[in-house]
Amino acid sequence: TKIAITLAVSNSLIVLLFGGAIYYFLNNYSYLDFYKRLETRANIAARYNLEYDVLTAESLKKLRDDHLERLPQEKEYIVPLSEESLKTFSRQMYLPLSFLEEAAEKGKATLNKDGLFYTGVLYRNQKNAFIVIVSAEHYYASHHLTFLRNVILLSVIFILVITFSLALYFSKTVFSPIKKITDNVKRISTDSMHLRLAQTEQNNEIAELTATFNNLLNRLETAFETQKNFVSSASHELGTPLTAIIGEADVTLLHERKVEEYKEAIQKILGQAERLNEITKSLLYLAQTGYRGKKLAFEIVRTDE
């Protein structure tokens, strides 16, 4: 589930970032392009409204009507370039005076107010100067970009659902064998070291993992058997010669004996000590022997008394 959530969120973020970048650049470009279209219309409107050449003005007006699509809520305004005219127009149209002053000073200005876009250009004819303003609704921004934004958001939701579903399915498919291995390993304890995981004939990572666990269990089982053998053998085999040595020493020390009897007692103690030495070597060999792919059987070397 964590993998599915991670994949779904990461993929959704990628789509969201990619779609957001497209939306951002298209949005900025659409504004620049729309202001440029308004500027073109303002220049044409200035020429056919303020040009003294009637034929040229009529030709431009006809060209504009025939080839330039009329924009939603498109309007044209012509304001004489004077301080009083600009202030009056600003009050009547509720437009900032700075917009008009910028157009007068720099020759061009743009404004976005209440969803309407304005472009003002400075135009001078043979006698006077005017600020020609064209305003219109940005249909592309208000409809097309909104549609694009909704498509991107719906795509993110769709990809989130699809990616999460697919990731959940594949993660369960991939990790189901691992979960089975985990459950089977949990059932194995010191009392059931003989149990092994079921191996498949497939040559993949899961089969390799199963084989690795089985090899580990083989080594653990051998280690446990070795430990049991060592404890059992040590407790039994070490006890016998030690008991014999202690008993022989106690019997010998009960009363004064002849030199030959002491020699005989020491000889018996030496024999038990040698036996004890052999047993100790065998036990150390048993304890130090590791797993070599097969179960090893050990036999304690015993020496006769």
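Is Ser12 buried or exposed? At 7% relative accessibility, Ser12 counts as buried (buried is under 20% relative accessible area, exposed over 50%, partly exposed in between, with a 1.4 Å probe and protein chains only). What you have here is a predicted model, where local features need pLDDT of at least 70, side-chain atom pairs count only at pLDDT 80 or more, and totals for chains, interfaces and linings use all residues. Residues are numbered from 1 along each chain as its sequence is written, and side-chain values use heavy atoms, with hydrogens and water left out.

**Overall layout**

- The protein has eight helices and four strands (DSSP runs numbered from the N terminus: H or I of at least four residues for helices, E of at least two for strands).
- Going along the sequence, the elements run α-α-β-α-α-β-β-β-α-α-α-α.
- Out of 305 residues, 28% count as buried.
- Take the contacts (heavy atoms within 4.5 Å) with a separation of 6 or more: 59% of them are between residues 24 or more positions apart.

**Nonpolar cores**

- The largest nonpolar core has 15 residues, and Phe34, Leu38 and Val132 touch the most other members (such a core is a set of buried Ala, Val, Leu, Ile, Met, Phe, Trp, Tyr and Cys residues joined through side-chain atoms within 4.5 Å).
- Two or more residues of this core come from each of α1 (2–50), β3 (116–124) and β4 (129–137).
- The biggest giver is α1, with seven residues.
- Setting aside residues up to four places away in sequence, Val132 touches a list that includes Ala42, Ala45, Leu50, Tyr77, Ile78, Val121 and Tyr123.
- There's also a second, separate core of 13 residues, with Val79, Leu86, Leu95 and Ile131 among them.

- Ser12 sits in helix α1, and beyond residues up to four places away in sequence it touches Val156, Ile159 and Leu160.
- Thr163 lies in helix α5 and is buried, with a relative accessible area of 13%.
- Neighbours within four places aside, Thr163 is in contact with Leu7, Ala8 and Asn11.

- Leu86, Phe89 and Ser90 are the buried residues to look at in α3.
- These three cover an arc of only 100 degrees around the axis, which puts them on the same side of α3 (the arc is that of the directions from the helix axis to the C-beta atoms).
- The buried residues of α3 pack against β1 (75–80), α4 and β4.
- On the face turned away from that buried side, α3 carries exposed Glu84, Arg91 and Gln92.
- Tyr94 is in the loop between α3 (83–93) and α4 (97–106), and at 64% relative accessibility it counts as exposed.
- Most residues other than glycine have a negative phi.
- Phi of Tyr94, though, is near 55 degrees, a positive value in a residue other than glycine.

**Helix α7**

- Helix α7 (residues 239–252) has 14 residues and reaches 20 Å from its first C-alpha to its last, close to the 20 Å expected at 1.5 Å a residue (the expected span is 1.5 Å times one less than the number of residues).
- Pro241, Ile245 and Thr252 are buried in α7.
- Seen down the axis, the buried residues of α7 fall within an arc of 40 degrees, so they line one face of the helix.
- The face of α7 turned away from its buried side has exposed Thr243 and Ile246.

**Ala109 in β2**

- You'll find Ala109 in strand β2 (residues 108–113), and at 2% relative accessibility it counts as buried.
- Neighbours within four places aside, Ala109 is in contact with Phe99, Glu102, Ala103, Tyr118, Thr119 and Gly120.
- Ala109 and Tyr35 are 74 residues apart in sequence and 9.4 Å apart in space, C-alpha to C-alpha.

**Largest pocket**

- The largest pocket has a volume of about 180 Å³.
- On a 1 Å grid over the protein atoms alone, a pocket is an open set of points where a 1.4 Å probe fits, with protein on both sides within 12 Å along at least five of seven lines; lining residues have an atom within 4 Å of a point.
- Grid points are joined across faces, edges and corners, and the volume is the space filled by probe spheres set on the points.
- Residues lining the largest pocket include Pro177, Lys180, Asn184, Leu197, Thr200 and Thr210.
- Two or more lining residues come from each of α5 (139–186) and α6 (205–237), and the largest share, four residues, comes from α5.
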